[in-house]
Amino acid sequence: MSAPGRHERESLLFISRRGLLRAGLFGTTAVWMGGFVACGPGRTAGGVGFGLSPAGKEILRAISPVVLGGLLPETGPERARALDTGLASLDEYVAHLSSPLQREVEDLFETLDLWPVRVLLTGGFSRWADCSPEALESFLRSAQGSRIFLLRRVYALLQSLVVLSFFDQPVAWKSVGYPGPPLLKPDPRVGRVENRGTE
Amino acid sequence: MSTHEIYSGAALERDLHLEADVVIVGSGAGGGVTAEILSQAGLRVVLLEEGAHRTSSDFDLRELSTFAKLYYDGGLRPTSDGAMGIVQGRTVGGSTTVNWTSCFRTPEQTLRFWREQLGLEGMTSADLEPWFERMEARLSIRPWEFPNLNNQAMANGAEKLGWRYGAIPRNVLNCLNLGYCGLGCPMDRKQSMLVTTVPAALDHGAAMATRVRVERLEWSGDRVTGVDAITLDETGVHPSGHRVRVEAPWVVVAAGAINTPGLLMRSEVPDPHRLLGKRTFLQMHNYSLAVMPDRLDPFYGAPQSIYSDEFTWRDGVAGRAGFNLEAVGAQPVASMNFFKGMGDDLEAFARALPHRHTMVAQIRDGFHSESPGGQVELRTDGSAVLDYPINDYIWDGVRSSYLVMAECQFAAGATEVRPATSDAAGYRSWAEARSAISSLPLRAPNVFLNSTHPLGGCGMGRDATRGVVRPDGRHHQLENLMVIDGSVFPTSLGVNPSLSIYALAARNAEKLVATIAGRGPKDHANSAERHPTREVN
């Protein structure tokens with residue numbers, strides 16, 4: 001299959017796939033969606049590479065109950081603890097991703113946090129934390145089923161981040177019937193590699 | 001007991017300048033085997049590794065932190081458009097530290113294709129047999145006889161349908177059947193490079209520097225003259241401010257698919273026929289998620305022990321996309337990652353985890369004109385990323401393998417089967433599944449695809465117009481540069497690749513030993529030194 005044919009076939013609205021790759025997926029979305037209403041605070045420089053941004057945490061906290069349904073503990077303190085613990089693990093996970101992938105995650109959240117984008121996606125002016133579960137669910141479902149690759153990718157990323165953060169925790173294991181990892185003692189008969197050098 | 005010479009870039013407080021006979025970039029399947037063979041032959045080896053030196057005492061069997069620490073991009077390394085993720089280890093031992101121990105010889109069909117279609121010589125089953133035998137002995141590879149219920153269910157389905165299937169040979173010694181291969185074996189029973197070839201090389205005087213990222217090979221004329229790296233902090237993300245330089249008469253790059261061609265591209269090595277980074281293959285994995293009437297507890301027991309190659313070559317080697325089949329067992333995070341639904345759907349799916357039966361089809365690529373693979377590209381920061389467009393050839397393999405997996409799972413007694421795409425529902429019978437899957441919309445990234453088998457990008461070829469390296473791993477243009485890892489394969493393999501990499505690495509490392517011995521002291525820069533490597537200040 002020739003390269004031009006391939007790109008024509010996969011073109012997304014008026015933006016070519018190749019053009020998107022060059023600009024970075026969500027950097028482009030920011031420009032594209034922000035451009036609809038010609039405003040937005042713009043991207044902040046620096047800060048990439050140290051875990052989740054405050055906007056990221058706010059958005060994930062908002063959508064977690066919608067994604068996880070009845071799996072989240074119902075009562076206030078337990079629910080808050082499950083969300084806090086999950087976000088803390090996820091924060092550390094993100095901090096170990098390569099710079100380009102951390103940049104992509106950060107771009108995603110920065111873009112979603114632009115008010116014109118919020119209006120476009122959730123149909124209201126509320127901050128993510130204040131959106132109704134119905135508005136959030138409707139946004140997630142339409143992104144998942146969208147004809148636009150970029151929105152389907154947004155859904156997949158958001159859903160994955162929530163799943164990663166939640167199912168890593170013992171509180172989740174109980175609800176899915178996973179007894180947890182075995183408790184093991186190191187076997188002294190097996191040789192170990194120890195660092196005896198300069199490390 | 002000898003003291004091992006190990007440096008960590010995260011702890012270094014100065015630049016490091018080393019000399020050796022051979023410098024190896026990467027400590028995984030290719031680099032580990034090469035390091036052991038060269039150091040046992042008396043050569044002074046320096047091993048450079050981007051990951052950290054984590055061992056069984058660090059392996060706490062927790063998923064998310066392990067993915068963060070032992071895998072590249074946490075196991076989600078995206079292709080350039082984010083349509084799928086690539087799973088690669090980034091730790092001492094490379095992917096062998098976290099793989100699921102499935103060790104197959106390279107199929108005869110693949111070797112014949114390389115010989116007849118690509119003109120590769122010296123790569124018949126008979127040529128490679130001694131190397132397979134050697135590595136099978138070294139890594140204790142033998143068929144596993146105690147499948148867990150998850151794998152047994154797949155065997156039951158295949159048996160009922162009259163398909164070919166068998167026990168997977170695994171590289172384990174006194175395995176306790178815990179099921180945590182993907183999180184680093186906590187009991188050191190998996191015979192990964194971490195506990196076999198790397199410590200053996202260190203015992204023979206090899207030096208290792210971890211948490212260093214090789215930025216560039218410096219070359220001049222037809223020779224590589226040095227390897228330049230930077231040190232990384234504890235996370236392995238940020239530079240920690242020092243440089244590491246290694247000079248050696250021979251340079252072996254073993255950073256795996258994507259990163260090996262990426263390093264060669266960053267170094268702007270000669271590439272007169274524009275082959276570098278092209279034909280990178282993924283043997284793309286797609287999944288089928290079933291519910292069985294009885295508990296399987298798929299999170300325990302060897303995750304992979306039964307395979308079927310009934311459909312790998314069904315339509316001919318160069319025909320429609322073929323795939324091999326395996327069972328998948330994993331802990332909650334990895335298991336749930338296959339499912340992209342939400343709300344009540346996700347809850348119901350999650351609560352069935354003990355009854356979950358997951359199958360994977362690995363779609364071989366590179367054997368057909370419509371299957372050219374992907375292309376490694378460099379981002380503006382110099383990091384490597386794979387551009388891999390999913391075309392109709394691949395989608396055909398996805399659909400036909402969804403069908404086959406559903407049929408197998410229903411034959412094994414499944415009460416529900418759901419292809420791993422958020423556009424599908426759970427189906428209650430084979431008839432329902434067959435009809436629904438036949439017309440299912442297939443689109444990225446709703447179809448969950450990933451790959452634990454990135455291969456190619458520095459393909460072997462008998463001459464410079466057909467490959468980046470020769471069949472013995474030597475670079476076609478730079479005479480003291482070798483590539484010894486999964487990036488040298490000219491197609492995907494049709495099986496899990498680890499044993500193919502081990503065996504070819506052993507053969508090519510022995511050839512390098514013979515070449516160096518034949519050339520005499522010119523290539524033995526430090527042969528007078530007793531110290532394994534020489535630090536130069």
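This is a short tour of a predicted model, chain by chain and then pair by pair.

**Stop 1: chain A**

Select chain A. Follow the chain along its sequence and the pattern reads α-α-α-α-α-α-α-α-α-α. Of its 199 residues, 52% are buried. Now consider contacts in chain A between residues at least 6 apart in sequence: 66% of them join residues at least 24 apart.

**Stop 2: helix α9 of chain A**

Select residues 149-167 of chain A. This is helix α9, with 19 residues. In α9(A), 19 of the 19 residues are buried, so the helix is largely enclosed by the rest of the structure.

**Stop 3: a salt bridge inside one helix**

Move to helix α8 of chain A, residues 133-144. Show the side chains of A:Arg141 and A:Glu137. They form a salt bridge, and their closest N and O atoms are 2.9 Å apart. The two residues sit four residues apart, about one turn of the helix.

**Stop 4: a network in chain A**

Select A:Glu58, A:Asp113, A:Arg118 and A:Arg127 together. Salt bridges link these four in a network. Over all chains, the structure holds 33 salt bridges.

**Stop 5: two salt bridges in chain B**

Switch to chain B. Show B:Arg44 and B:Asp21. Their side chains meet in a salt bridge, 3.8 Å from N to O. This pair links distant parts of the chain, 23 residues apart. B:Arg44 is in the loop between α1 (29-40) and β4 (45-48). B:Asp21 is in the loop between β2 (16-19) and β3 (22-25). Both B:Arg44 and B:Asp21 are buried.

Now show B:Glu218 and B:Arg245. Here the side chains meet in a salt bridge at 2.9 Å, N to O. Again the pair links distant parts of the chain, 27 residues apart. Look for B:Glu218 in strand β11 (residues 212-220) and B:Arg245 in strand β13 (residues 239-247). B:Glu218 is partly exposed, with a relative accessible area of 35%. B:Arg245 has 19%, under the 20% cut-off, so B:Arg245 counts as buried.

**Stop 6: where the chains meet**

Show both chains. How many residues of chain B are in contact with chain A? The count is 74, and they touch 72 residues of chain A. Between them the chains bury about 6,100 Å², with 57% of it on carbon and sulfur atoms. Select B:Arg62, B:Leu64 and B:Met342. These three supply 12% of the area that chain B buries against chain A, more than any other three residues.

Then look at the polar side of the interface. There are 23 residue pairs in polar contact between the chains, counting pairs with both residues at pLDDT 80 or more. Highlight β1 (5-8), α2 (63-70), α8 (332-336) and α9 (343-351) of chain B: these elements each give two or more residues to the side that touches chain A. The residues on that side of chain B divide into 32 nonpolar, 22 polar and 20 charged.

Two salt bridges cross between chain B and chain A.

Notes. Residues numbered from 1 in each chain as written. Chains lettered and ligands numbered in written order. Predicted model: local features only at pLDDT ≥ 70, side-chain atom pairs only at ≥ 80, totals over all residues. Heavy atoms only, no water. Buried < 20%, exposed > 50% of the residue type's maximum accessible area, 1.4 Å probe, protein only. Expected span 1.5 Å × (residues − 1). Contact = heavy atoms within 4.5 Å. Buried area = accessible area lost by both parts, 1.4 Å probe. Polar contact = N/O pair within 3.5 Å; in protein donor to acceptor, adjacent residues only side chain to side chain. Nonpolar A, V, L, I, M, F, W, Y, C, P; charged D, E, K, R; others polar.
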